[in-house]
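Keep the sequence and the 3D view open as you read.

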Amino acid sequence: MIEKKSHNSIQSKGAIFGLICVLIPLVAYTFFHIFPLIISFLMQFFDTEGSYEIEDMVWNNFASFKTVYLGETLWKALGVTMFMVLAQFTSLTIAIITANSLHYRYKGSTLFEVLFFIPHICSSVALSVIWKWMFDIDQGIINSVLSMLNITPIEWYYSEAAYPWMIFIVIVWSSPGYGIIMYKSVFSSINASIYEAADIDGATGWKKFWHVTFPELMPMTFYLLMLGIIAGMQTFEIPKIIRVDANNSGVYGPYDCGLTLMCYIYREFDVNGNLSHASVISWFLFIITLTLSIVSFKVRKKWVDE
Amino acid sequence: MEKAKKEKKISTVGSKVGFYIFCGFLTLCVIIPFYVVLVTSMTSWQEIAQAGAEKGFIWWPSKIDFSSYTKIFEMDYNAVGGVPTLLRAFFNTIWMTLFTVGFNLFFSSLAAYAYTKLQFKGKEMIFMIQLATMMIPGATMTIPSVVFYNMLGWVGTRLPVLIPGMFGGASAIFFFRSYFQGISNEYFEAAKIDGLGEFQCFLRIMIPLSVPAFVAQFIFMFVNHYNSYTNSLIYLSYDPSVYTLQYVVDYLTASYEETNAKCAIALTALTPLIIIYLFAQKLFIEGVQAGGGKE
């Protein structure tokens with residue numbers, strides 16, 4: 001009897017300890033993420049006039065919503081952001097093809113794998129600095145090569161058509177590494193007997209890839225696709241660094257053609273000091289991204305359950 | 001039969017050639033930016049300025065010149081306490097990263113230990129809530145959070161960069177949880193008979209048994225923190241003594257006109273991580289696979 005009691009008290013002591021252990025991350029999350037979320041929700045309804053103090057805030061009668069949602073910038077920025085999501089799709093395609101080729105394990109595959117992963121660990125700030133120099137209109141390597149080939153050099157920084165492509169190219173260059181690694185682990189887990197069966201049925205090359213490999217890749221593809229969309233929706237560092245902005249006027253390329261939603265939020269904060277507008281755009285982006293996350297979570301769960 | 005064999009051989013040779021052409025092209029794409037940054041950082045500013053639009057990009061300098069590197073490590077007007085801005089920012093980044101990542105690993109693994117090895121009421125429900133936090137795209141709220149940190153009185157200090165990330169996060173908890181599930185309960189039962197408490201079990205048994213998991217997570221988090229920029233831009237751009245590396249790369253490259261110095265800064269910032277990667281690439285790939293795969 002006594003023994004049992006002491007055992008119980010040890011149990012409950014352990015239970016309290018366990019509860020504390022799992023609650024620390026959750027309480028911290030609530031404090032540092034949920035509170036700011038609520039505050040920024042409220043911020044949408046108040047004017048701040050450059051100050052962050054709660055006392056200075058004035059009810060603005062939905063003026064921020066009107067300005068942001070009725071303005072052109074938000075929708076234009078959404079379009080630019082979607083273009084950056086396309087860049088993520090492109091790098092995913094490159095990742096599939098590369099992982100598929102590396103999977104044949106020809107000599108040098110490991111070396112290529114190590115090399116192709118390098119862009120993933122590089123900071124997008126330093127990379128943007130390098131690419132900015134490569135896109136230089138007069139002395140950049142890209143225009144130098146173009147003029148060597150007798151093609152008219154592209155005015156990357158002055159052309160509304162070319163500017164977003166700069167950001168696109170940098171994203172495509174720096175993103176595939178992660179996908180390559182993830183796909184390679186899927187490729188090596190695909191059962192060899194499936195391929196043998198396909199060989200017997202006479203499937204070759206492209207057909208084999210399409211009918212055998214591709215279905216096996218679907219869960220990972222969907223996962224990486226969602227990750228890519230979410231990352232693309234939040235594109236910020238590359239367009240922020242690559243722009244030319246001599247007097248901090250908050251210009252993102254000609255006619256703001258390189259202004260993503262995150263850049264728009266940052267500009268409202270940095271140049272205009274308007275945290276009410278910044279909150280409205282942040283919530284717009286938040287709802288889109290949250291919806292996508294929930295969808296991907298649900299679909300992934302379905303796959304895992306199957 | 002013979003013919004089929006021959007055909008097969010030809011097709012493997014063909015795919016081999018295709019493989020090397022494809023990978024060779026990608027290799028070229030990956031290497032070019034590094035070639036450009038290296039060559040330009042070794043070209044003197046005079047040579048670049050004189051070349052102008054007519055000569056375009058300088059593929060190889062007429063004379064190799066390292067003055068760009070001495071320039072960026074010289075005392076600039078932002079240098080505090082006799083340490084060049086770039087170097088100070090590097091050390092700032094390292095200690096701040098180690099601080100946040102160290103605590104994050106500790107709290108994440110502790111929570112995962114409780115989820116896998118301890119019994120208590122409400123465990124499943126709390127775990128579901130923790131799971132749900134992963135869906136919330138917190139990064140979209142980075143800028144409006146300024147109001148919150150201002151309320152706490154943290155704007156103008158390092159705290160908004162150091163503190164929020166140190167209490168553990170969902171993806172790390174899930175990673176550790178799945179690793180810990182593979183560790184037999186027998187170790188802990190034996191230790192409890194020896195009179196070890198729950199926390200002692202965690203410190204003395206769980207951590208030593210799961211060093212690879214810690215290394216993988218550490219690398220994943222280290223890379224992220226080393227490269228992080230946005231938070232420093234918002235909270236640490238007020239005082240040169242608290243600048244972090246990526247912010248300084250942005251700040252200094254914007255303030256220098258000389259392209260060779262810009263390239264030297266970018267290359268200097270990239271090099272430490274690339275060198276560590278080349279020595280421990282297996283761990284890096286595992287770490288990124290583990291960390292990102294669970295997000």
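Is Tyr255(A) buried or exposed? Tyr255(A) is exposed, because its relative accessible area is 65%; the cut-offs are under 20% for buried, over 50% for exposed and in between for partly exposed, with a 1.4 Å probe and protein chains only.

Before going on, a word on conventions. This is a predicted model, in which local features need pLDDT of at least 70 and side-chain atom pairs count only at pLDDT 80 or more, while totals for chains, interfaces and linings use all residues. Residues are numbered from 1 along each chain as its sequence is written, chains are lettered from A and ligands numbered from 1 in the order in which they are written, and side-chain values use heavy atoms, leaving out hydrogens and water.

**Two positive phi angles**

Most residues other than glycine have a negative phi. Tyr255(A) has a positive value instead, near 50°, and sits in the loop between α11 (237-242) and α12 (261-270) of chain A. Helices here are DSSP runs of H or I with at least four residues, strands are runs of E with at least two, and both are numbered from the N terminus. Asn61(A), also not a glycine, has a positive phi of about 55°. Asn61(A) belongs to the loop between β2 (58-59) and α2 (63-70) of chain A.

| Residue | Relative accessibility | Class |
|---|---|---|
| Asn61(A) | 49% | partly exposed |
| Gln139(A) | 12% | buried |
| Trp59(B) | 33% | partly exposed |
| Thr97(B) | 3% | buried |

**Where the chains touch**

Gln139(A) lies in the loop between α5 (124-134) and α6 (141-148) of chain A. A polar atom of the Gln139(A) side chain is 2.9 Å from the backbone oxygen of Ile48(B). Contact means heavy atoms within 4.5 Å, and beyond its neighbours within four places in sequence, Gln139(A) has contacts that include Trp133(A), Ala51(B) and Phe57(B).

Trp59(B) is in the loop between α2 (45-55) and α3 (67-72) of chain B. Again leaving aside neighbours within four places, Trp59(B) contacts Ile141(A), Val145(A) and Met148(A), as well as Tyr35(B) and Val39(B).

**Inside chain B**

Thr97(B) is part of helix α4 (residues 85-117) of chain B. The Thr97(B) side chain reaches the backbone oxygen of Thr93(B) at 2.6 Å. Apart from neighbours within four places in sequence, Thr97(B) touches Gly102(B), Phe222(B), His225(B) and Tyr226(B).

**The core and a helix pair**

Which residues have the most contacts inside the largest nonpolar core? They are Phe116(A), Tyr183(A) and Leu261(A), in a core of 183 residues. Such a core is a set of buried Ala, Val, Leu, Ile, Met, Phe, Trp, Tyr and Cys residues joined through side-chain atoms within 4.5 Å. Helix α3 (residues 73-102) of chain A gives this core its largest share, 13 residues.

The axes of α3(A) and helix α8 (residues 176-189) of chain A come within 8 Å and cross at roughly 45°. Axes are lines fitted to C-alpha atoms, for helices over the stretch in contact, and angles run from 0 to 180 degrees between N-to-C directions. The two helices are therefore oblique to each other: angles under 35 degrees count as roughly parallel, over 145 as roughly antiparallel, 65 to 115 as roughly perpendicular, and the rest as oblique. Among the residues that meet are Leu92(A) and Ala95(A) in α3(A), and Tyr183(A) and Phe187(A) in α8(A).

Note on methods. Polar contact = N/O pair within 3.5 Å; in protein donor to acceptor, adjacent residues only side chain to side chain.
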